[in-house]
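Q: Could you show me how to read a predicted model with some care, one feature at a time? I would like the general idea before the particular case.

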Amino acid sequence: MKISRLLLGAILTGSLLAGGCKSSHESEHLVILHTNDTHSAIDPDSKGRGGIARRKVLVDSVRGEHENVMLIDAGDAVQGSLYYTIFGGEVERTMMNALGYDIQILGNHEFDKGMEQLAKEWKQLKATRLSTNYDLTGSTLDGLFVPSVMKQFGDKKVGFIGINLDPAGIVTEENYTGVKYIDAVEAANAEAAKLKKDGADMVIAVTHIGYDNEHDYSDLKLAAASKDIDIIIGGHSHTVIDPEAKGDDVLKWRVPNAAGETISVVQTGSSGVNLGELDINLDTKEVKAKLIPVDSRLDSRVDANYAALITPYREKVDSIRGIEIGNAPREFERKSPEMLNLLSDFVKVRGAELCGKPVDLSIMNKGGIRNSLAAGPITQGEIIDIAPFDNSIVVMDIKGSDLLENFGIMAAQDGNGVSGNVKVVYDPDTKQVNSATIDGKPIDPSKTYRLATIDYLAAGNDYMEPLSRGVIISRSQEVLYKILIEYIAAGRLDSLMANPDSSNRMTSF
């Protein structure tokens, strides 16, 4: 019987003893459980992965086994499902409070419904709210955040800082009114040095800047420029860093810092399909890290009282998910060319209707697509999950020179969505555009083109600043997902869905 219990615990977490006593050495260890970019994934996804009630099974198991346990979220806990579209953050806040998060930081999507809504929800959080490099003085968030926090474990002290991305170019400007960005590396180094001076044995940075991105700072750049940070718990880039994985192409989680020492950088991916675990020896500073899958093997141990918290919200969500509007002849996976091309072509079609004449091209961003479309019946809820943002479709006139510059930015993002009559070829190393054509003709820098896109991009967001130089001539009255629902219900996308385009319209040679 004893062996069976040990095996069960090992299956559940890969490191837990079921019903065991806490070791006498527990005071020398800190176990940190961490999440990032869970994006309102309250329920398991279409492939049966994730689910916040399952996450609680793992969290409770670890807390039962270890003396010192912290639960940390690295931002973007919201946006990406009907739970957020309908309830605006209430569900995520309720469930995360009940889970007992110790520290939470902001992601960029926390700003999606504006500062007033953000302040309303975050005032009710029980976790410590960290932001080291946002000056929030005078904003609606004033007084809600601290730049750092120190925690005591036995005779050891651990300091925590929170590092956020620059909202300019990624968050709609009016949604972060009053937020002043402070250079991430300068703020991180200054606060980490202060914590070490105040007696911190270790400093842990909780970040939402991405693992290794081209734009601005990243976790790897922060690590390389810092000497007082010992661990980075990251988010934003949805990077799956598996410390136990083998092979030459495995992402590094142990990297050098500015002092030549090796520190840990971790991230769990997205949508709550993994729970990250760090086991830190506070005496030696040795770090053991792993990812724990969140899946159906945990269902038999779900806390019924916790799961019941979701029920009243799920009833409303399911009522919308249950309304069928059409049928998909095949699956359109979220990150597939077929999905990106489908939405890009749809935006072009709708753009032409808005201005009453053909448009030259359309642009759609990959980040605007948040879910997959399964084969079979299509529901309203599925479409909202795919395109949950409050974006309208706009038509603008824009110079060819600005279009070409914008394609260079899109190339730096490893391509993005364009309509089927556009072909862009770029250098995979330099990200320079080698050729760009519309209907087979090279783009003329001096010519004005008519472009259909979404208002988020038209304002220069997702770092597409050249699009903000265009002149908007038409704008849809309804948001993108409502128009999509109308088109699908009327059968107007049947042909595009029946004949999906699997080509990469922006390609590297």
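Q: Which residues of α9 meet which residues of α13?
A: Contact here means heavy atoms within 4.5 Å, and helices are DSSP runs (H or I, at least four residues) numbered from the N terminus, strands being runs of E with at least two residues. Leu-343, Phe-346, Val-347, Val-349, Arg-350 and Glu-353 on the α9 side meet Leu-480, Ile-483, Leu-484 and Tyr-487 on the α13 side. This is a predicted model, in which local features need pLDDT of at least 70 and side-chain atom pairs count only at pLDDT 80 or more, whereas totals for chains, interfaces and linings use all residues. Residues are numbered from 1 along each chain as its sequence is written, and side-chain values use heavy atoms, with hydrogens and water left out.

Q: How is the packing of α9 and α13 described?
A: Two packed helices are described by the angle between their axes and by the distance between those axes. The axes are lines fitted to C-alpha atoms, for helices over the stretch in contact, and the angles run from 0 to 180 degrees between N-to-C directions. Helix α9 (residues 337–355) packs against α13 at an angle of about 90°, and their axes are 12 Å apart. The two helices are therefore roughly perpendicular to each other, in a scheme where angles under 35 degrees count as roughly parallel, over 145 as roughly antiparallel, 65 to 115 as roughly perpendicular and the rest as oblique.

Q: Is α13 largely enclosed or largely open?
A: A residue is called buried at under 20% relative accessible area and exposed at over 50%, with partly exposed in between (1.4 Å probe, protein chains only). Because 7 of the 10 residues of α13 (residues 480–489) are buried, this helix is largely enclosed by the rest of the structure. The buried residues are Leu-480, Tyr-481, Ile-483, Leu-484, Ile-485, Tyr-487 and Ile-488, and just after the helix Gly-491 takes a positive phi of about 75°.

Q: What does the crossing of α2 and α4 look like?
A: The axes of α2 (residues 52–65) and α4 (residues 90–99) come within 10 Å and cross at roughly 20°, which makes α2 roughly parallel to α4. Ile-52, Arg-55, Lys-56, Val-59 and Arg-63 of α2 meet Met-95, Met-96, Ala-98 and Leu-99 of α4.

Q: Where do the residues of β2 point?
A: Val-69, Leu-71 and Asp-73 point one way, Met-70 and Ile-72 the other way, and all are buried. With 5 of its 5 residues buried, β2 is therefore largely enclosed by the rest of the structure. Strand β1 (residues 29–35) pairs with β2 in the parallel sense over 5 bridges, and Thr-35 has Asp-73 as its bridge partner in β2.

Q: Is Asn-36 buried or exposed?
A: Asn-36 lies in the loop between β1 and α2, and at 0% relative accessibility it counts as buried. Beyond its neighbours within four places in sequence, Asn-36 is in contact with several residues, including Asp-73, Ala-74, Gly-234, Gln-267 and Ser-270.

Q: Where is confidence lowest, and where is it highest?
A: The score pLDDT is the predictor's confidence in each residue, from 0 to 100, and where it is low, the predicted coordinates should not be read in detail. The chain averages a pLDDT of 94, and 95% of the residues score at least 70. Confidence is lowest in helix α1 (residues 2–13), at a mean of 42, and highest in β2 (residues 69–73), at 99. Over residues 1–20 pLDDT stays under 50.

Key
Pairing = 2+ DSSP bridges.
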